[in-house]
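Subject: Structure handover

Hello,

Here is the structure I promised to pass on. Please open it first, then read my notes below.

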Amino acid sequence: MPGRTGRVFSGLLLAALMAVCTTPGTAGAVADGITAGSVPSVGTAWGQPGPYEVDVDIEAVHTFYYPRDMGRSGERHPVVIWGNGTGAVPGFYSSLLRHWASHGLIVVAANTPTSNFALSMRAGIDVLEHRDADSASRFHGKVDLDHIASAGHSQGGAAAVNAAVDPRVDAALPIQPGPLTDPDLMDEPVFYLAGQRDLTVWPALVKALYRDSDHVPAVYGEVRGAGHLDSIGDGGDFRAPTTAWLRFWLLGDENARGMFFGPGCGYCADGDLWSGWERNSRALQIPGPAA
């Protein structure tokens, strides 16, 4: 799927050009998140709850986390498909998934404790496609199916990469991912997260996946002091950077862009959060926010 990466770069360059050419008044309106039909801005408060109350529906195959008042200003909500770690269910990560939903995202979490092949994750997209088209569904006309990310932890982190072979997926977020995956099969931008003290999925294993992703924009972050279970619950120190990544790729949040890309990226020198941080050559080609 080589054409997809080219479209990503073309879109990013166009967005940067538009930001430079926008009049000051219009730029302020976009940055403040007050434009009709858009998810509100949160500034840089990635770790704080977002502007939406959250509802949760637990069904047989998937658990849905979504803004209670979806589409309240005419906006559509991007999608995150989620994979659990081995033996886990979405409830283990409920506070983190609720957090993403509070930022305007629809999270469809596969209930399976063996998510590695990402079949249930990808099926979650099919379910939302159907419900978005169904006039009797509360999701009708409110799902942004053009912006979808795959995410997961441990075995589900490997599944996040595996799910990204689906052409409907635009970005990947593997958190402490297991080894049963092949990044060469995907062509989406990816943010690999490791834990400095993870004795289950060693940082070296995550970094190997990152280095094997040299054909796509890839970022590697190693959370200082984190063990393998630190992302369970509310996500701990993983919560803010994962939210920023999703808000940039799914919502076009320019504040979030500045945390990852450009010469002065906000996370690059944050030694309190990271014990390791890298961006590959393709990530370095993505422009930072307009001055």
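Start with Asn111. Asn111 sits in the loop between strand 4 and helix 4. Helices (H or I, at least four residues) and strands (E, at least two) are DSSP runs, numbered from the N terminus. Asn111 has 15% relative accessibility, so Asn111 counts as buried. Buried means under 20% relative accessible area, exposed over 50%, and partly exposed in between, with a 1.4 Å probe and protein chains only. Leaving out residues up to four places away in sequence, Asn111 touches Glu59, Ala60, Val61, His62, Thr63, Asn84, Ala88, Val89 and Pro90. Contact means heavy atoms within 4.5 Å. Gly91 is 20 residues from Asn111 along the chain, and their C-alpha atoms are separated by 9.0 Å.

A word on the source. This is a predicted model, where local features need pLDDT of at least 70 and side-chain atom pairs count only at pLDDT 80 or more, while totals for chains, interfaces and linings use all residues. Residues are numbered from 1 along each chain as its sequence is written, and side-chain values use heavy atoms, with hydrogens and water left out.

Now the whole protein. It has nine helices and nine strands. Of its 291 residues, 54% count as buried. Take the contacts with a separation of 6 or more: residues 24 or more positions apart account for 68% of them.

Next, helix 4. This helix covers residues 119-133, which is 15 residues. At 1.5 Å a residue they should span 21 Å, and the end C-alpha atoms are 22 Å apart, which agrees. The expected span is 1.5 Å times one less than the number of residues. Which residues of helix 4 are buried? They are Met121, Gly124, Ile125, Leu128, Arg131 and Asp132. Seen down the axis of helix 4, the buried residues fall within an arc of 135 degrees, so they line one face of the helix. The arc is that of the directions from the helix axis to the C-beta atoms. An α-helix has 3.6 residues a turn, so residues three or four places apart point the same way. Leu119, His130 and Ala133 are exposed on the other side of helix 4. The buried residues pack against strand 2 (62-67), strand 3 (77-83), strand 4 (106-110), strand 5 (143-153) and helix 5 (155-163).

Then a helix pair. The axes of helix 3 (residues 94-102) and helix 7 (residues 239-251) come within 11 Å and cross at roughly 40 degrees. Axes are lines fitted to C-alpha atoms, for helices over the stretch in contact, and angles run from 0 to 180 degrees between N-to-C directions. The crossing of helix 3 and helix 7 is right-handed. From helix 3, Leu96, His99 and Trp100 meet Arg239, Thr242, Thr243 and Leu246 of helix 7.

Two backbone angles deserve a look. Most residues other than glycine have a negative phi. Ser154 is not a glycine, yet its phi is positive, about 60 degrees. Ser154 lies in the loop between strand 5 and helix 5, and counts as buried at 11% relative accessibility. Gln176 also is a residue other than glycine with a positive phi, near 45 degrees. Gln176 is in the loop between strand 6 (171-175) and strand 7 (190-195). At 0% relative accessibility, Gln176 counts as buried.

Gln176 leads on to Val206. Val206 belongs to helix 6 and is buried, at 0% relative accessibility. Beyond its neighbours within four places in sequence, Val206 is in contact with Gln176, Pro177, Tyr192, Leu193, Ala194, Val201 and Tyr220. The C-alpha atoms of Val206 and Gly178 are separated by 7.9 Å, at 28 residues apart along the chain.

Ser213 is in the loop between helix 6 (203-211) and strand 8 (218-223). Its relative accessible area is 0%, so Ser213 is buried. The Ser213 side chain reaches the backbone oxygen of Leu209 at 2.8 Å. Arg257 is in helix 8 (residues 254-260) and counts as buried at 1% relative accessibility. The Arg257 side chain reaches the backbone oxygen of Pro287 at 2.8 Å.

Best wishes

Definitions and conventions
A polar contact is a pair of N or O atoms within 3.5 Å; within protein, one must be able to donate a hydrogen and the other to accept it, and residues adjacent in sequence count only if both atoms are side-chain atoms. A crossing is left-handed if the near helix is turned anticlockwise from the far one by less than a right angle, and right-handed if clockwise.
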